[in-house]
Amino acid sequence: MTLLKKIVGFAVIILFWACENATSKKGELIDFIPENPSVVLKISNFETLQRDTKTNSFLSAFDKTKPYSFFSEKAAILKHLKPSSPGILCVNTPTDSTTAYTFITRESSNLFETDSIKDKTIETLAYDKISLQRIITDKQIAFTAVKDSVFILSSSQLVLQQILEGKTEKDPTFKKIATINNESDLTTILKNTAVTFSDSITTNFASWMALETEILPDAITATGVVLARDSVPQLLSVFEGQIPQKNEIARVIPNEALGAVSFTFNNPEKLQKNLQDFRKDEVSDSVFDPLFESVNEVGSIQLKEGNVIILKSIDPMLTKESLLKYVSENNAFREVTISTFNASGLFTEVFSPLVPSTAPEYTFQLDDFFVFTETISSAEQIITAYKNNSCLSKALYFEDASSQLSTSSSLLIYKMNDAILKGISNFFTSETVSQLENVSLKKYPFAALQFSHDRDFAHVNMVCKEASKGILSPGGISQRFSLNLDNEMLGDPQLFSNHRTGGKDIVVQDITNKLYLISESGKVLWTKNLESPILGKVHAVDLLRNGKKQLAFTTKNTFHILDRNGKPVAPFPLKFRDDITQPLSVFDYDNNRKYRFVITQGKEVFMYNSKGKIVTGFTFKKTRSDIVLPPQHLRMENKDYLLIAESDGTLNILSRVGKTRVNVSESFQFSEIPVAEESNQFVVITKDHIKKSISQNGKIASQKLNVSNSYYFTIKGNTKATLDDNLLRINGKLTELPYGIYTSPKVFNVNRNTYISVTEIQENKVYIFNASGALLQGFPVYGTSSVDIGNASNKKRVNLVVKGSEKEVLLYQIQ
């Protein structure tokens, strides 16, 4: 089975999943893997994997095919498993005509509740003093047992009995690769890795491959290693002694190509000798051709009209001189000289099976590339694409996918356009291949598989990624992903720092109070069921002061701090008997991460430190009337002020310890606009549209604002933004927006740039302006809520998250 078959095979397997007589002994899960597995999936979180496969657009394209029906019907019993710890799913062939699956996990309560299975028959069998259960439904039979605290479910009684008998011997290479430690949600282990170089060439590459696999809504990516056995001729060994070089063939691959192969080397003579040994050539003392002395990359491109050979030269003058003995007559196309080539069998003789069987008759030079084609039309196609900048390296989807690949590798295989589906057809039998006629992979124009040799193994990278929905405007705004939650969204999505990538993940809650953390690639990293809606926003804090952020927020009766894995940070959560009435306030007076957390309950305020203890030095405990805004911290002229607004109009301006710092003689009709700082004064915008400016010694100035009821005011740093109906002013510059209903303006400082956002919620348009009041090119874009803006993992870009439809999270990227 080829590597492409197996990668799709494990994809199809994982798509379609949407205990008794325990002893005190605990077995290792790997010891229960059946003999000769072809695919092994090590699953960290079963629920997460089910959710990831459900949202992946590549896997969903196969839902009308027979492999889907096999795993959705015959293996549907897997859906009833609820493991609380990691598990292993194996596929093997106990007989020539039988394919079996086996699932292995640690025994736990509520792991397998058979009561939820309809129309079933359950029988208990005795086997070697161990009870087996045979579960029969109208479409399948499955067998379960527990041994050494390990639960085993298999579609084959024979396989289960062999496991219980200890007949699970595995070759040493498998044991080595299966025990590699990683933190991946899903590790895929494949046997007898074969690589397809063309329609007619499939070669045994390695013995075992282990891939840390990530299933995203718009991609399947993987990184890992392959191992070869010394006793079996395998192609991986031909790269022994070679240092991987930079892969550059994408610069000459036309976008309409079907695929390409690139392999690199620093010692071409040694590579030729290794290939001769691999092929078991009878004559191994053939003369090394000096043409390849100045070459470090050889590639082949598959076009609809035939194959093309590419040489990448490190010294074009020397390569051209070495090539002279093979070329003669010539003509020109678009100022490129095309010569005839009289050594058509040279590349197959030297580099087979790394190059397809081809007999090039023409050659030409494009900068440091030397190209060899079978026909003039193929030559013209390559030249035209190169001259028009319509090669793979210029494609946005290639740039996006290349972030998952190394710039240098020993072997790199591209599948493009229709060739992706054609390659997948090898996984289907002749009886079912016709079902692929209804499968569309137009969203996936490109896939890549990469190997980099390193001593006795090779590093592997794989990416199959949906083409971006593209540049939505001349301003370079692209949609990174669209993700539907399980339920309608509650509140607006916001960004949360990821210390590993340097970018931002997304935090959002749905109406069932489930909290989601989503990566910037659209993968749901985890979910957590909360007891009630979050009040206000989620704050990013760093309790350990090591750069790793936690999520801090309150619900109706609980103060939570979670780490980025969704686990509570001790001693949190803190429970409260009385209701919390305002969102959490977080103060970091000196920007030294010695936080103060303020909880509001009606008229009372409670200040906690990072250890969850009451700050005894804060003496302010209670107001005369209910608190109507979240407590705030402002700093002016190196003085700290804490602000607490009451329903009777009192504004308490306090010191850090809760003592009155500014006496305010007036009372105010507070609006929903927070108190702001402008020109070292406190600014209150009242419900009756009066701007109250309070000096630090308590003097108050009033200004009647001639504005509408839809008036908003915000200041951040040196940027002031106001919105009066459709009139937006940024630092005094007026912009007249189309008439509509707008969210309040928000100011963001990202990568030394300032952005101001508003969203029109009738036409669902998001507007982003710079600090000069100019609308950014490409805006407005679609969105239905206020936005959050932050840096992407690619530091040159900025991410914007917004709500789409009721369940939809949208992430845009500003180029």
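Modeller: Start with one rule: two strands count as paired if DSSP finds at least two bridges between them. The model here is predicted. Keep both points in mind.

Biologist: How many helices and strands does the protein have?

Modeller: There are twelve helices and 53 strands.

Biologist: What holds the strands of a sheet together?

Modeller: Backbone hydrogen bonds do, and the strands can run parallel or antiparallel. Here is a case. Four strands form an open sheet in the order β24-β25-β26-β27, and their pairing is antiparallel.

Biologist: Which strands stand at the edges?

Modeller: β24 and β27 (524-529) do. Each has a single partner strand, so one side of each has no neighbour in the sheet. Direction ignored, neighbouring strands here are turned by 20° against each other on average.

Biologist: How many bridges join each pair of neighbours?

Modeller: Go along the sheet. Strand β24 (residues 489-497) pairs with β25 over six bridges. β25 is joined to strand β26 (residues 514-518) by four bridges. β26 and β27 pair over five bridges.

Biologist: Which residues stand opposite each other?

Modeller: Met-489 is opposite Asp-510 in β25. Val-507 faces Leu-517 in β26 as its opposite number. Leu-517 in turn has a bridge partner in β27, namely Trp-526.

Biologist: What lies between β24 and β25?

Modeller: A turn. The two strands form a hairpin with six residues between them. In that turn, Gly-502 has a positive phi of about 80°. The next hairpin is made by β25 and β26, with three residues between the strands. Its turn holds Asn-513, which has a positive phi of about 70°.

Biologist: Which way do the residues of β25 point?

Modeller: Two ways. Lys-504, Ile-506, Val-508 and Asp-510 point one way. Asp-505, Val-507 and Gln-509 point the other way. Both groups are buried.

Biologist: What share of the protein is buried?

Modeller: Buried residues make up 55% of the 815 residues. The exposed surface comes to about 36,100 Å², and carbon and sulfur atoms supply 46% of it.

Biologist: Let us turn to a helix. How far does α10 reach?

Modeller: Helix α10 (residues 376-387) has twelve residues. From first C-alpha to last, the helix reaches 16 Å. That is close to the 16 Å expected at 1.5 Å a residue.

Biologist: Which residues of α10 are buried?

Modeller: Ser-378, Ala-379, Ile-382, Ile-383, Ala-385 and Tyr-386 are. They cover an arc of only 165° around the axis, so they sit on the same side of α10.

Biologist: Last topic: salt bridges. How many does the structure hold?

Modeller: It holds 26. The test is a side-chain nitrogen of Lys or Arg within 4 Å of a carboxyl oxygen of Asp or Glu. Take Asp-368 and Arg-251: their closest N and O atoms are 3.4 Å apart, so the pair passes.

Biologist: Where do Asp-368 and Arg-251 lie?

Modeller: In distant parts of the chain, 117 residues apart. Asp-368 is in the loop between β17 (362-366) and β18 (369-373). Arg-251 is in the loop between β11 (245-246) and β12 (259-264). Asp-368 is buried, at 17% relative accessibility. Arg-251 is partly exposed, at 29%. Both belong to a network of salt bridges that links Glu-248, Arg-251, Lys-312 and Asp-368.

Biologist: How far apart are the closest N and O atoms of Arg-797 and Glu-399?

Modeller: They are 2.9 Å apart, in a salt bridge. This pair also links distant parts of the chain, 398 residues apart. Arg-797 sits in the loop between β51 (788-791) and β52 (798-803), and Glu-399 in helix α11 (residues 396-402). Arg-797 is buried at 18%, whereas Glu-399 is partly exposed at 44%.

Biologist: What do Asp-640 and Arg-656 tie together?

Modeller: Their side chains meet in a salt bridge of 2.8 Å, N to O. Asp-640 lies in strand β36 (residues 639-645) and Arg-656 in the loop between β37 (651-654) and β38 (660-662), so the pair ties together parts 16 residues apart in sequence. Asp-640 is buried at 5% relative accessibility. Arg-656 is partly exposed at 31%.

Terms used: Residues numbered from 1 in each chain as written. Heavy atoms only, no water. Buried < 20%, exposed > 50% of the residue type's maximum accessible area, 1.4 Å probe, protein only. Areas by Shrake-Rupley, 256 points an atom, 1.4 Å probe, with all protein chains shown as cover. Axes fitted to C-alpha atoms, helices over the stretch in contact; angles between N-to-C directions. Expected span 1.5 Å × (residues − 1). Arc of directions from axis to C-beta.
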